[in-house]
Amino acid sequence: MKSVLLFIMGVCCSVWARSMTVYYVNSAVNGSGGTSWSDAKRNLQDAIMLAGPGDQIWVAAGSYYGNSATGFGLVLKDGVAIYGGFAGNESALNDRDPATHISIIVGDYADAAIQGTGIGIAVSEAIGKLQ
């Protein structure tokens with residue numbers, strides 16, 4: 001009985017203890033997994049779809065389009081943090097330089113560039129550089 005209870009507690013704790021994953025996006029790389037700069041996703045929306053609450057997406061310098069089929073540039077997820085300003089070789093969030101490595105979300109879709117509910121968007125000083 002004791003071993004069954006310990007097993008159930010172990011399963012419950014492993015479900016709750018989800019670790020944060022960093023997904024990488026680089027328009028110059030055509031990777032499949034997105035879990036490293038060398039295997040980065042090319043499409044930002046693809047990385048968003050992989051990510052879950054607590055995950056981060058690191059975006060290398062470049063221009064990124066969303067999914068034109070939805071009519072939105074990007075469909076965001078609650079709890080997923082997206083950071084731009086990477087050269088594409090950093091290993092820490094503090095290594096990025098958004099003033100030098102500009103990541104652009106191109107919003108030339110019919111309805112809106114970004115869609116989401118309950119989402120806070122922090123806009124940097126580079127807003128004037130957005131297309």
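**Reading a sheet and a loop**

The secondary structure of this predicted model comes to 2 helices and 7 strands.

User: How do I read a sheet? Which strand order does the open sheet have here?

Analyst: Start with the general idea. Strands of a sheet pair through backbone hydrogen bonds, either parallel or antiparallel. Now the case here. The open sheet has 3 strands in the order 1-2-5, and the pairing is parallel. Strand 1 (22-25) and strand 5 (81-86) stand at the edges. Each has a single partner strand, so one side of each is left without a neighbour in the sheet. From one strand to the next, the twist averages 25°.

User: Over how many bridges do strand 1 and strand 2 pair?

Analyst: Strand 1 pairs with strand 2 (residues 56-60) over 4 bridges, in the parallel sense. Look for Val25: it stands opposite Val59 in strand 2.

User: Now a loop. Where does Asp78 lie, and is Asp78 buried or exposed?

Analyst: Asp78 lies in the loop between strand 4 (72-75) and strand 5. Exposed means over 50% relative accessible area. Asp78 has 52% relative accessibility, so it counts as exposed. Asp78 and Pro53 are 25 residues apart along the chain, and their C-alpha atoms are separated by 6.6 Å.

User: What share of the whole protein counts as buried?

Analyst: Of the 131 residues, 28% count as buried. The protein exposes about 8000 Å², and carbon and sulfur atoms supply 57% of that area.

Methods. Residues are numbered from 1 along each chain as its sequence is written. This is a predicted model: local features need pLDDT of at least 70, side-chain atom pairs count only at pLDDT 80 or more; totals for chains, interfaces and linings use all residues. Side-chain values use heavy atoms; hydrogens and water are left out. Two strands pair if DSSP finds at least two bridges between them. Axes are lines fitted to C-alpha atoms, for helices over the stretch in contact, and angles run from 0 to 180 degrees between N-to-C directions. Buried means under 20% relative accessible area, exposed over 50%, partly exposed in between (1.4 Å probe, protein chains only). Accessible areas come from the Shrake-Rupley method with a 1.4 Å probe; for residues, only the protein chains shown count as cover.
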